[in-house]
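This briefing goes through a structure chain by chain and then looks at how the chains meet. Please keep the sequence and the model open while reading.

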Amino acid sequence: MGVPIDLKMAWRNVWRNPRRSLLTIFAIAFACLVLVFMLSFQFGSYETMINTSVKIYTGHLQIQAKDYQEKRDIRLVVSDPKVIEKHLKGIPHLQGFTFRAQAFSLVSSGKRTYGTLVNGIDPKNEASVSRLKSLIVKGSYLSPNDYGTVLMGQLLAKNLRVGIGNEITVLGQGRDGSIAATVLRIKGIFRTGIDQLDRSTMYIPLNCFRDVYAMGQAVHQVVMVVDSLSHVLSVKRQLAGIILHLSADPSLVVLDWEELMPGLRQGIEMDLISGVVFYLILILVVAFSILNTFLMAIFERTREFGVLMAIGVTPGRLMRLLFIESLILTLVGIGAGIVVGVLVTRYFQFHGIDISGASDLLTQFGITGRLYPRLSYISVASGPAAVLIITSLAALYPTLKVRSLQPVKAMETV
Amino acid sequence: MLRSGKVKIVECIEVTKTYDQGNLQVKALENVTLSIGKGEFAALAGPSGSGKTTLLNMMGGLDRPDSGQILVEGQECTTMSQSELARLRLNKIGFVFQSYNLIPVLTAAENVEFVMLLQGVPASERRQRAKKILDEVGLEGLYDRRPAQLSGGQQQRVAVARAIVANPAIVLADEPTANLDSKTAKGLLEIMLKMNREKQVTFVFSTHDEMVMGYARRLIHIRDGKVYNDVVQG
Amino acid sequence: MQYIQLAWRNIWRNPRRTIVILLAVLIGVWSMVFLGALMRGITVGMVKNGIATLTGHLQIHYPGFHDDPSIENRITNVVQLTETLSHVLPDKSRWALRVRVPAVAANARHSAGVTLVGVDPVTEARVSFIGGAIKMGKYLSDEDDHSIVVGEALLKTFNTKLGHKLVLMSQSVDGEMVSRAFRIVGSFRAELMSTEKQYVFVTRRSAQKMLKLRKDITEVSILLPDVNDVHRVREALLNALPNSEYEVLTWTELLPLLTAYLKLYDQFILIWYLVVFVAMAFGIVNTTLMAVLERIREFGLLQVFGMRPFFILGEVLVESFILLIIGIAAGNALALACIFGLGKSGLDLSAFAAGVEFAGMSRIIYPDLQLQDWVMANLVVLVLGLVVSCYPAFKASRYRPVEALAYA
């Protein structure tokens, strides 16, 4: 028939001891299943965390004055945003951009005073870059014609004891050193779920901010969103080229989300590495667990191998035959594990995993509602690939022992 | 002793082999010299422990002597590497053992085909030759049976078929009938004799059974590792 | 006794096979105990840090202060409070009175929101981290009326140094904004950079003066000799103090995120134990099966000599038991060695400083072996290991002598 006898033999040898082979296959499948699910789970949550942070906070890329990120000095500005805007129009993959200005100031209602980060935003463009509009829980979002209105974080509103329609006073320092003061009316209250933000940020219209803080035409941040994470670096390169040519500003920099939130990327790296450690240990335990199957399958056939060598099978060929057997076992296990793993993950990819017990905790990191694992080529392939490599190494050990078999001795084995 | 005019298939010259058994040194073979010619049907006869199996293993390149030479079709075996010996066994020598000859997971035909596969014979030709040889040893229709589904005698016949199908220079059989009842044993020996006559296949088998010795045309008596008698009989 | 001897010898009939499965159990148990201790170490570190960063084991405020930490919600009857404390709290408890309010810190270059903490230098040092954290300059002393101690990261943000001025603004009791200038006399280092940027320390008296508080305070933080006593002491305090005037909160309530973290880790650890065990279990069952199947003839023989099937089952289980015990012991030994080895220096995560900060963890993790984790890990392997061994053991006992002896 079409199938060579080598393969037929290997396949049938695998099933000589069905129970033992099945247990081994289940062990391998179990490991693959766990890995596919867990990796999809991890990658899914990373993606959610990154997207949330990007969509609420920083965008994918920002253009700022040099050192602004660290110093947050009101005088470190992007002086001519309009010029930059013209260059942004032509960049592929750029999905949206907006301007922001920030200052730390005192905010008081009649009864309370708190320090707050005041953000000046362009309501229309901001909506294309961040999710702020959808996070409004009371009142309404800023409209393009608004001037003296403000959106306030929920915890901040609570602490200040104010609600929609109330007035608050803002007191701070302008760009030129003058006193910046104004009265604003609360138009909307938002809730991001991240206590830091809800407790100490508010948003006012950009033109109002510019007047109050004597900004002129300048802003502090040009915030940009890219259509997918994979394009961030190429857009960054283009932007870097653009700002190099603008002689108006002394020194601007382009920062990507990893530089804007170094903690996030490292936090993800840490999580990934610790996950990998656990996974490797799991695979190692499985490898030793099934090593005995490979060992037994070889040592209980020593006599048979003697006969094979007597009729002319070289040690090399024998090793190959045995390795193919182990490979069949492993591949069946991996295949089964991947299939079941993908099915299970898919189910949760649609339904999500309810972690209501820890929901307050996870919203701080930007994970809201349910957790959704996400299948990807990497999450499906990398775990089983590692299993394949390590189990193949385990299978290699007994196979190597066959190399030194002497036919006569082998056949004398009882 | 040598039949004049016959081509030497296997030649043993001053072959000696010693084994360690605990603290003792046992001389399995001591300066054994003999030749097997083409077409012979010879038996190595002797009690257990006489060294007949050891001698058989030597002749088939399964074991190396401590001193002396072994020539198979003129080629010096004692200095060959493992792979070269394997190739020798594949192409020149057929083996039949007392038991556990066959690969349990392959059918009778596949067991016979296996050797041809190793030799690189194309698939269609393999199948044909396997069936043909199985017919010749009296196993028509049993091609697709696994060893577990065959009787002891039938299994030994498949072993003989496999040994012959590759056209070896010599077939070495180590007590091939030891596990068979006398009727089946006779049947097997008849087949071997038939193959020897019709195809000129050289046979050397070891035995301690008088009945089996009766079938041999040349009887080589071995005791305590030495050949003490070498006769040609009818 | 003969059972055990027999079982022991049987295990070593095939040394390589036994060693292989022992290695599987060893690695599994090692990972359970060691990695479990590391995971615990992370949470324990976070709790320690949380408690030391001003939370303490218990806090007492005016009702509503926790939600609304403003000067309106202050404690006025301080004398009554301290008397009650000295009666109710167990010996060796320590407490510190504080004025803690949100404020804005500013200098010529920068302004930012901070938390102003007015403390009694000596008592505070015994209750929170600040006592040993001063790395440059000096700590506060009782007479300092215009000194302030800030975090190192804050120095950087404000681009300032020791000896320079820092102005603090906050709301006083009459609702007015007040400000006061302080001189930076010392800087501290904390586990988290956010701590360094957030808290600024002055003497309680200067805070009270600045905010026109007279003798009032806003919170009391308490450190108990035994942290597990927390709930009992809380009950006692609630009974002793008028509920309309005081709220008493435990650290679990004060750090709900941390508490959620702990619960999450509890689940992680258990899931890890189970997953590793399942991986081992396949090997345990398979190996025991192999060991049984190659001895079926022998078991038949034993039954012929009068041994009852039940004892055969028992004997196989004893073999499994011995195997598991050896593997568990070895795994534990290795894990304990690793824990001990890492105990002094800890696992240094400085390479991930930003990520560690993001997750709220300490930079150095010390493994922490807790009894319940350790017992759970070993029980899971031993008990479940025996349970899965029942299958092959049962099989061993089911062969009738005739069948067994005929087994080829």
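The points below cover conventions, chain contacts, the chains themselves and a few helices.

This is a predicted model, in which local features need pLDDT of at least 70 and side-chain atom pairs count only at pLDDT 80 or more, while totals for chains, interfaces and linings use all residues. Residues are numbered from 1 along each chain as its sequence is written, and chains are lettered from A and ligands numbered from 1 in the order in which they are written. Among the 2 pairs of chains that touch, chains A and C have the most contacts. Chain B and chain C do not touch.

**Contacts between chains**

- Two residues are in contact if their C-beta atoms, placed from the backbone, lie within 7 Å.
- Between chains A and C, 46 residues of chain A are in contact with 47 residues of chain C.
- On the side of chain A that touches chain C, at least two residues each come from α2 (18-58), β2 (94-108), β3 (113-121), α11 (262-299) and α14 (359-364) of chain A; helices (H or I, at least four residues) and strands (E, at least two) are DSSP runs, numbered from the N terminus.
- Helix α11(A) gives the most to that side of chain A, with 21 residues.
- By class, the side of chain A that touches chain C has 25 nonpolar, 14 polar and 7 charged residues.
- For these classes, Ala, Val, Leu, Ile, Met, Phe, Trp, Tyr, Cys and Pro count as nonpolar, Asp, Glu, Lys and Arg as charged, and the others, Gly among them, as polar.
- Between chains B and A, 22 residues of chain B are in contact with 17 residues of chain A.
- The nearest C-alpha atoms of chain B and chain C are 12 Å apart.

**Chain C overall**

- Chain C has 16 helices and 12 strands.
- Its division is into domain 1 (2-50 + 258-406) and domain 2 (58-223), with bounds from an automatic or database domain assignment.
- The C-alpha centres of domain 1 of chain C and domain 2 of chain C are 51 Å apart.
- The radius of gyration of chain C is 31 Å, whereas a compact globule of 408 residues would have one near 22 Å; the radius is taken over C-alpha atoms, and the globule rule is 2.2 Å times the number of residues to the power 0.38.
- Along the principal axes, the C-alpha atoms of chain C fill a box of roughly 100 × 45 × 30 Å.
- Of the 408 residues in chain C, 44% are buried; a residue is buried if 20 or more other C-beta atoms lie within 10 Å of its own, exposed if 12 or fewer, and partly exposed in between, with C-beta atoms placed from the backbone.

**Chain B overall**

- Chain B has 7 helices and 10 strands.
- The radius of gyration of chain B is 17 Å, close to the 17 Å from the globule rule for 234 residues, so chain B is as compact as a globular protein of that length.
- The C-alpha atoms of chain B fill a box of roughly 50 × 45 × 40 Å along the principal axes.
- Buried residues are 46% of the 234 residues of chain B.

- Chain A is assigned domain 1 (5-53 + 264-412) and domain 2 (67-250).
- The centres of domain 1 of chain A and domain 2 of chain A, taken over C-alpha atoms, are separated by 50 Å.
- Helix α13 (residues 315-351) of chain A has 37 residues and should span 54 Å at 1.5 Å a residue, which agrees with the 53 Å between its end C-alpha atoms; the expected span is 1.5 Å times one less than the number of residues.
- Buried residues of α13(A) include Leu322(A), Glu325(A), Gly333(A) and Thr345(A).
- The buried residues of α13(A) pack against α1 (5-14), α2, α11 and α15 (377-402) of chain A.

**Chain C: helix α11 and Arg17(C)**

- Helix α11(C) bends by about 25° at Met280(C), the bend being the angle between axes fitted to the seven residues ending there and the seven starting there.
- Arg17(C) lies in helix α2 (residues 15-55) of chain C.
- Arg17(C) is partly exposed, because 19 other C-beta atoms lie within 10 Å.
- Leaving out residues up to four places away in sequence, Arg17(C) touches Asn292(A), Leu295(A) and Thr287(C).
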